[in-house]
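Hello,

Here is the structure you asked about. My notes follow below it.

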Amino acid sequence: FTYYETDNLLVLWFIGKIIISVVIIYVAIMLSRLKSGGRKIADGDLGYKIDTKPLVFDLKEHGEDLNRIGEGMNHAVEERLRSERMKTELITNVSHDIKTPLTSIVNYAGLLRDAESDEQRTEYIEVIERHSQRLRKLIDDLVEASKASTGNIRVDAEPTDINLLISQSAGEYAERLSAAGIEAVYNCNGENYTARVDGRLM
């Protein structure tokens, strides 16, 4: 085709250069798109998605990898925020629970100091002892929760009666529920259900 017409060789050479130039420009544009998307994700826009439809071969795979990195980082951030919220709620709840028996101990200590009879002193001492045990239990629970958050807690899972756990929980909160005008309604008279849990931690 080009042996007798050398102009045809020049035309083919020119067409080849055009094709190569188009491919180079296309690849450069796609690389620029990947670079821009990677920069957005690196700058904290974890929800940004690179459009991988026009990408081909390794470029498409790289774009999908960048999108997955953004999704993974976004998931990690959400987990961290949820963990922080749980810690804040734990601190708030524990602080409230500790404050209740501590306030009672302080109040009854004042009453004990001004008590006029041995009967009153005995009664106040019993209340103080009861709330002291409650306070100690709460502090122990806080230490256990701290250990649990770091994975340094021993769990002895064994078949445990769920009905018993429910009745114990209802008894534990009976005073607070009554004070709030709430009646706990539960039925533990049916079939016994067990689960493999650590009854002490539960």
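At what angle do the axes of helix H2 (residues 57-113) and helix H3 (residues 118-150) cross? They cross at roughly 160° and come within 9 Å. Axes here are lines fitted to C-alpha atoms over the stretch in contact, with angles from 0 to 180 degrees between N-to-C directions. H2 and H3 are therefore roughly antiparallel (an angle over 145 degrees). The contact (heavy atoms within 4.5 Å) includes Leu90, Val94 and Tyr108 of H2 and Tyr124, His131 and Leu142 of H3.

A word on the source. This is a predicted model, where local features need pLDDT of at least 70, side-chain atom pairs count only at pLDDT 80 or more, and totals for chains, interfaces and linings use all residues. Residues are numbered from 1 along each chain as its sequence is written, and side-chain values use heavy atoms, leaving out hydrogens and water.

Next, helix H4 (residues 162-172). Its buried residues are Asn163, Leu165 and Ala170 (buried is under 20% relative accessible area, with a 1.4 Å probe and protein chains only). They sit on the same side of H4, because they cover an arc of only 160° around the axis (taken from the directions from the axis to the C-beta atoms). Their cover includes strand E1 (158-161), helix H5 (174-179) and strand E2 (194-197). Asp161 caps the N-terminal end of H4, with a side-chain oxygen 3.0 Å from the backbone nitrogen of Asn163.

Last, Thr160, in strand E1. Thr160 counts as buried because its relative accessibility is 12%. Its side chain reaches the backbone oxygen of Val197 at 3.3 Å. Beyond four places in sequence, Thr160 contacts residues including Leu165, Tyr193 and Val197.

Best wishes

Terms used: Buried means under 20% relative accessible area, exposed over 50%, partly exposed in between (1.4 Å probe, protein chains only). Helices (H or I, at least four residues) and strands (E, at least two) are DSSP runs, numbered from the N terminus. A polar contact is a pair of N or O atoms within 3.5 Å; within protein, one must be able to donate a hydrogen and the other to accept it, and residues adjacent in sequence count only if both atoms are side-chain atoms. Angles under 35 degrees count as roughly parallel, over 145 as roughly antiparallel, 65 to 115 as roughly perpendicular and the rest as oblique.
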